[in-house]
Amino acid sequence: MALDVIIVRLLVVAAVGGVLAAPGRAGAGAGLAIGFYKETCPNAEELVLEEMRDIVHEDRSLGPALLRLLFHDCFVRGCDGSIMLKSRSRKGERDAIPMSVSLRGFDEIDRIKAKLEDACPLTVSCADIIIMAARDAVHLTNGPRFPVETGRRDGKVSSCTDAENDLAPPNANIVDLKTYFSFKSLSWKDLVVLSGSHTIGTAQCAAFAADRLYNNSGKGVQDPTLNKKYAPDLRELCEPGNQTDKTLADMDPGSTYEFDLSYYRNVYSNKGIFVSDQALLDDRWTHDYVARMAAAESPEEFFHDYAAAMINMGRMEVLTGDNGEIRKICSAYVD
C-alpha cells in the first residue's frame with residue numbers, strides 16, 4: 001500500500017536522524033525568489049495571467065483542473081514539472097492509476113509555455129508555469145492573487161510508481177493524511193488550508209462513491225458520517241458498483257467556481273465529498289480550523305493562510321541553479 005511505503009520512509013528518516021535531500025534538489029526552496037524572472041523575462045507572470053484568462057473564459061472547469069495539476073506535480077518528486085512528461089511505455093506520473101487518470105490541463109500548460117517561448121526562449125520552466133497557472137486559477141475564481149516564488153527548473157524523471165506512492169488517496173483518514181503531509185515537510189495547517197482547494201471544481205463519482213455512498217469500509221453501507229440529507233443528491237448522480245463512473249459532482253455544491261469559505265461550511269456540516277474531506281473533523285487542530293472558517297464572515301484569514309500554504313508546498317524538493325533543465329516543450333517524452 002502507498003501509506004506503507006510512506007511509513008517505511010519515515011522510519012528510515014528517523015533512524016538516520018534527519019531528512020537527506022535528494023541530489024541536486026534544494027531544501028526549503030533555496031534558490032527560489034519572488035520576481036525571479038524580472039530581468040530575464042519581465043512580463044512572464046503577466047503573460048501567464050493573460051493566457052489563463054482566455055483558458056478559463058473558454059472552459060471554466062480548466063481553472064480547478066490546473067490547480068489540481070499543481071498538487072500532483074509537487075507531491076511527486078517535488079515541484080519540478082515532471083507531471084508533464086510523457087512516457088511511451090506508460091510508466092510516467094501522468095499514467096498512474098487511479099491517481100492521474102482524470103488529470104486535465106496538460107495542453108493548456110503547453111499552450112502557456114508556447115507563449116513564453118515566443119517572448120523569452122528557454123527561460124521560464126514548466127515547473128514555474130504550473131505554479132503560476134494554479135495561482136491564477138485561484139485568482140480567476142475570485143480568490144486571492146498572491147505572490148509566488150519562481151526559479152524552479154524542470155525534472156527529467158517521471159515515474160508512475162512515485163505517483164502511486166506519494167499521493168494521498170481520496171479515502172485517506174486523518175492519520176494517513178497527516179503522515180503524507182509530514183513526509184513532505186508540510187504541517188497540519190498546510191493540510192487543512194490546502195484542502196480548501198476543493199472549494200472549486202468537480203470530482204468523478206468513481207473517486208468517492210464507493211467509500212461515501214455504497215461500500216464504506218467494505219461493509220456495503222453508506223458512510224455513517226455523511227450528511228443524510230445530502231447523500232440522496234449524490235446517489236442521484238452516482239451509479240452503485242460502477243468503478244469507472246465519470247459522472248461529475250460538484251466538490252462545493254452551489255459555489256463550484258467561487259473560491260470562498262463554503263467548502264469549510266460544507267465539511268463542518270458533514271457534506272465533504274471525499275472521505276479525506278470528512279477526515280478533517282477527526283483531529284483537534286484541523287477540526288478547529290474548519291469550524292473557525294465555517295463561521296467566519298470574511299475569507300481574509302483563509303486567503304492569507306492559503307497564500308502561505310501554497311508557498312510552503314511550492315518549495316518542496318525543487319530543482320534550482322544548474323540542476324534540472326528548462327524544457328522547450330513541457331510535454332516532452334521521457335522515454
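# Briefing: fold, cores and selected sites

The mean positions of the 37 positive and 49 negative charges of the protein lie 2 Å apart. The model is a predicted one. It holds 14 helices and six strands. A compact globule of 335 residues would have a radius of gyration near 20 Å, so the 19 Å found for the protein agrees with that expectation.

**Overall build**

- The C-alpha trace of the protein spans about 55 × 50 × 40 Å along its principal axes.
- Buried residues make up 53% of the 335 in the protein.
- Take the contacts between residues at least 6 apart in sequence: 77% of them join residues at least 24 apart.

**Nonpolar cores**

- The largest nonpolar core has 75 residues. Those touching the most other members are Met52, Ile109, Tyr264, Phe302, Tyr306, Met310 and Met313.
- Helix α5, residues 126-139, gives the most to this core, with nine residues.
- A second, separate core has 15 residues, including Ala203, Ala209, Leu234 and Met251.
- Beyond its neighbours within four places in sequence, Met310 is in contact with Leu67, Leu70, Ala134, Phe146 and Leu194.

**Val138, in helix α5**

- Val138 is found in helix α5. Its relative accessible area is 0%, so Val138 is buried.
- Val138 and Ser197 are 59 residues apart in sequence. Their C-alpha atoms are 8.5 Å apart in space.

**Tyr37, in a loop**

- Tyr37 lies in the loop between β2 (33-34) and α2 (44-58).
- At a relative accessible area of 5%, under the 20% cut-off, Tyr37 is buried.
- Neighbours within four places in sequence aside, Tyr37 is in contact with Pro42, Ala44, Thr123, Val124, Ser125, Asp128, Thr150, Gly151 and Arg152.
- Tyr37 and Met52 are 15 residues apart along the chain, and their C-alpha atoms are separated by 18 Å.

**Gly155, in a loop**

- Gly155 sits in the loop between β3 (149-150) and α6 (160-166).
- Gly155 has 3% relative accessibility and therefore counts as buried.
- Its contacts, leaving aside neighbours within four places in sequence, are Asp80, Leu85, Leu319, Glu325 and Arg327.
- Gly155 and Leu32 are 123 residues apart along the chain. Their C-alpha atoms are separated by 15 Å.

**Gln222, in a loop**

- Gln222 is placed in the loop between α9 (209-214) and α10 (231-237).
- With 22% relative accessibility, Gln222 counts as partly exposed. The buried class ends under 20%.
- Gln222 is in contact with Arg212, Leu213, Asn216, Lys228, Ala231 and Arg235, its neighbours within four places in sequence left aside.
- The C-alpha atoms of Gln222 and Asp211 are separated by 7.5 Å, and the two residues are eleven apart along the chain.

**Backbone exceptions**

- Most residues other than glycine have a negative phi, and most peptide bonds are trans.
- The peptide bond from Ile97 to Pro98 is cis, with omega near 0°. Pro98 lies in the loop between α3 (62-75) and α4 (106-119).
- Arg77 is not a glycine, yet has a positive phi of about 65°. Arg77 is found in the loop between α3 and α4. Its relative accessible area is 25%, so Arg77 is partly exposed.
- Ser185 has a positive phi near 65° and is likewise a residue other than glycine. The loop between α7 (174-183) and α8 (188-194) holds Ser185. Its relative accessible area is 62%, so Ser185 is exposed.

Note on methods
Residues are numbered from 1 along each chain as its sequence is written. This is a predicted model: local features need pLDDT of at least 70, side-chain atom pairs count only at pLDDT 80 or more; totals for chains, interfaces and linings use all residues. Side-chain values use heavy atoms; hydrogens and water are left out. Helices (H or I, at least four residues) and strands (E, at least two) are DSSP runs, numbered from the N terminus. The radius of gyration is taken over C-alpha atoms; the globule rule is 2.2 Å times the number of residues to the power 0.38. Buried means under 20% relative accessible area, exposed over 50%, partly exposed in between (1.4 Å probe, protein chains only). Contact means heavy atoms within 4.5 Å. Lys and Arg count as positive and Asp and Glu as negative; His and the chain ends are not counted. The place of a charge is taken as NZ of Lys, CZ of Arg, CG of Asp or CD of Glu. A nonpolar core is a set of buried Ala, Val, Leu, Ile, Met, Phe, Trp, Tyr and Cys residues joined through side-chain atoms within 4.5 Å.
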